[in-house]
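Dear colleague,

Please find below the structure for your files. A summary of the findings follows it.

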Amino acid sequence: MCHFLAPAGQPEMMHKNFVPMPLRIFAVQCSCMKFYLPQGGQHMKKVGIVMGSDSDLPILRKTMDTLTSLGIPYECHIYSAHRTPEEARDFAVSARANGFGVLIAAAGMAAHLAGAIAANTTLPVIGIPCKGPCLDGIDALLSTVMMPSGIPVATVAVNGGVNAALLSAQILAVEDAELAAKLDARRAADAAKVLEKDAALQAELNG
Ligand code: RP5
C-alpha cells in the first residue's frame, strides 16, 4: 500500500501516483489492520527449534508435540554451536526473513547454542538446558541462563521442552487472539485435571 503514497520528505502534490485523501486513509488503515487482527492459521509466524545433537531429541519431541497441539507451525533442526557453527549462524541470521517469530535452542553440557543463536538475531530466543551425563544439567543450565548483558536468552527449566513451547506460544499470542484463547483453554483443562485428582484424594482419605 505504501507505494501509493508520496515518499517521505517529498511534497505529495509532486508525486505522480498521488492518491486523494479518503483513499489514502483507507490504505493506511488496511496496512495497520494486520497488526490487530488475529493471526491464526497460515498467517502465524513459525517457531524455529534448534538442538545441538540428536541426543537432545526426546526433549524436543515434547516441544514439537505441544506446538502441534496448539496449531503452531514449526521447523526443527540439528545444528550445533561447535560442530556446525556456520549452519547454526546462518539459521539465526535468516530466521526473521524466513518467517520465524520465536526461536528455541536446546543443548546440553557446555550449552552455548542458545547464546550463539541469540547473538545472530533479535528474535526472542528461548533456551532449554538439557541434562547431560554428569552434573545433572547444572552445567547446561548455567551455560544457557547466565548470558551477559546485551544478548538475552529466556531460559526454561532443565529439560523444559513443554514450557519452551508454551512460552513461544505466549509470545506469538501477544498479537493473536485465537492462539491466546487456546492457551487459556489449555490452562483451564490442566486446572480441571488437578481438581479431579484432589477430589479423588479427598474421597480416598475421607471415605
Ligand atoms: C551438546 O552436547 C548437545 O546439545 C548435547 O546435549 C551434548 C552431547 O552431544 P552428543 O555427544 O550426545 O552428540 O552439544
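A polar contact is a pair of N or O atoms within 3.5 Å; within protein, one must be able to donate a hydrogen and the other to accept it, and residues adjacent in sequence count only if both atoms are side-chain atoms. A polar side-chain atom of His 82 lies 3.5 Å from an oxygen atom of the ligand. For the side chain of Asp 56, the distance from an N or O atom to a ligand oxygen is 2.6 Å, and a polar backbone atom of Gly 108 is 3.0 Å from an oxygen of the ligand. The protein covers 74% of the 360 Å² of accessible area that the ligand has on its own (Shrake-Rupley method, 1.4 Å probe).

This is a predicted model, in which local features need pLDDT of at least 70 and side-chain atom pairs pLDDT 80 or more, while totals for chains, interfaces and linings use all residues. Residues are numbered from 1 along each chain as its sequence is written, and side-chain values use heavy atoms, without hydrogens and water.

The residues around the ligand (a heavy atom within 4 Å) include Ser 53, Ser 55, Arg 83 and Ala 107.

The structure also holds 2 aromatic pairs (ring centres of Phe, Tyr or Trp, the last by its six-membered ring, within 6.5 Å; planes under 30 degrees apart are stacked, over 60 edge-to-face, the rest tilted). One of them, Tyr 79 with Phe 91, is tilted, at 5.8 Å centre to centre and 55° between the planes.

Yours sincerely
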